[in-house]
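Please open the structure in your viewer and keep the selection tool at hand.

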Amino acid sequence: FSKEELKILKTRLPKEEVVNKVVNSDVLLLVWNIFKDNYGTKIFDFLASGSHVLLSPSDNGVVEKLILNHENGSVANTAEEVAQTIEEQYGLWLKGENKSKINNYPQFARENIAVEFYKQLKNMF
């Protein structure tokens with residue numbers, strides 16, 4: 001891509017637009033998680049989208065473990081590994097095999113997370 005083709009967003013987008021972009025993307029690049037041992041990202045939404053989630057570089061933490069435990073993600077620590085992953089995903093895209101089933105992880109659905117959170121809170125009191 002040339003710099004003219006890249007678009008850096010610095011303002012909040014409507015939820016519908018974000019969902020549309022996430023679901024229709026083929027590779028979602030997730031940059032290093034600065035919140036050590038916390039899910040400080042939209043990782044659950046990304047994994048549920050069916051798109052390949054590429055974490056780069058490794059965070060050596062909970063986000064990396066989560067990505068490596070699911071079929072539609074990988075971790076790259078170098079520019080060469082990023083390029084290799086994108087090449088692999090492009091090859092799968094050419095064959096129509098690049099997407100995993102959307103919402104393949106119902107445990108990541110917001111309503112299921114909310115129910116689980118409620119149960120945990122209820123047990124505390």
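Begin by selecting strand 2 together with strand 3, residues 73-75, in this predicted model; the two strands run parallel, and three bridges join them. Within this pairing, pick Val53, whose bridge partner in strand 3 is Gly73. Now follow the chain itself from strand 2 through helix 3, residues 62-68, to strand 3, and you will have traced a β-α-β crossover that is right-handed.

With the three strands shown together, you have an open sheet in the order 1-2-3, with parallel pairing. Strand 1 and strand 3 stand at its edges and each has a single partner strand, so one side of each is left without a neighbour in the sheet. If you look along the sheet, neighbouring strands are turned by 20° against each other on average, direction ignored.

Then select helix 4, residues 79-94, which packs on the sheet and touches strand 1, strand 2 and strand 3; the direction of helix 4 makes about 175° with that of strand 2.

Finally, return to strand 2, residues 52-56, and show its side chains. In a regular strand the side chains alternate between the two faces of the sheet. Which residues point which way from strand 2? His52, Leu54 and Ser56 point one way, whereas Val53 and Leu55 point the other way, and all are buried, so that strand 2 is mostly covered, with five of its five residues under 20% relative accessible area.

Definitions and conventions. Residues numbered from 1 in each chain as written. Predicted model: local features only at pLDDT ≥ 70, side-chain atom pairs only at ≥ 80, totals over all residues. Heavy atoms only, no water. Buried < 20%, exposed > 50% of the residue type's maximum accessible area, 1.4 Å probe, protein only. Helix = DSSP H or I, 4+ residues; strand = E, 2+ residues; numbered from the N terminus. Pairing = 2+ DSSP bridges. Right-handed = clockwise from strand over helix to strand, strands pointing away. Axes fitted to C-alpha atoms, helices over the stretch in contact; angles between N-to-C directions. Contact = heavy atoms within 4.5 Å.
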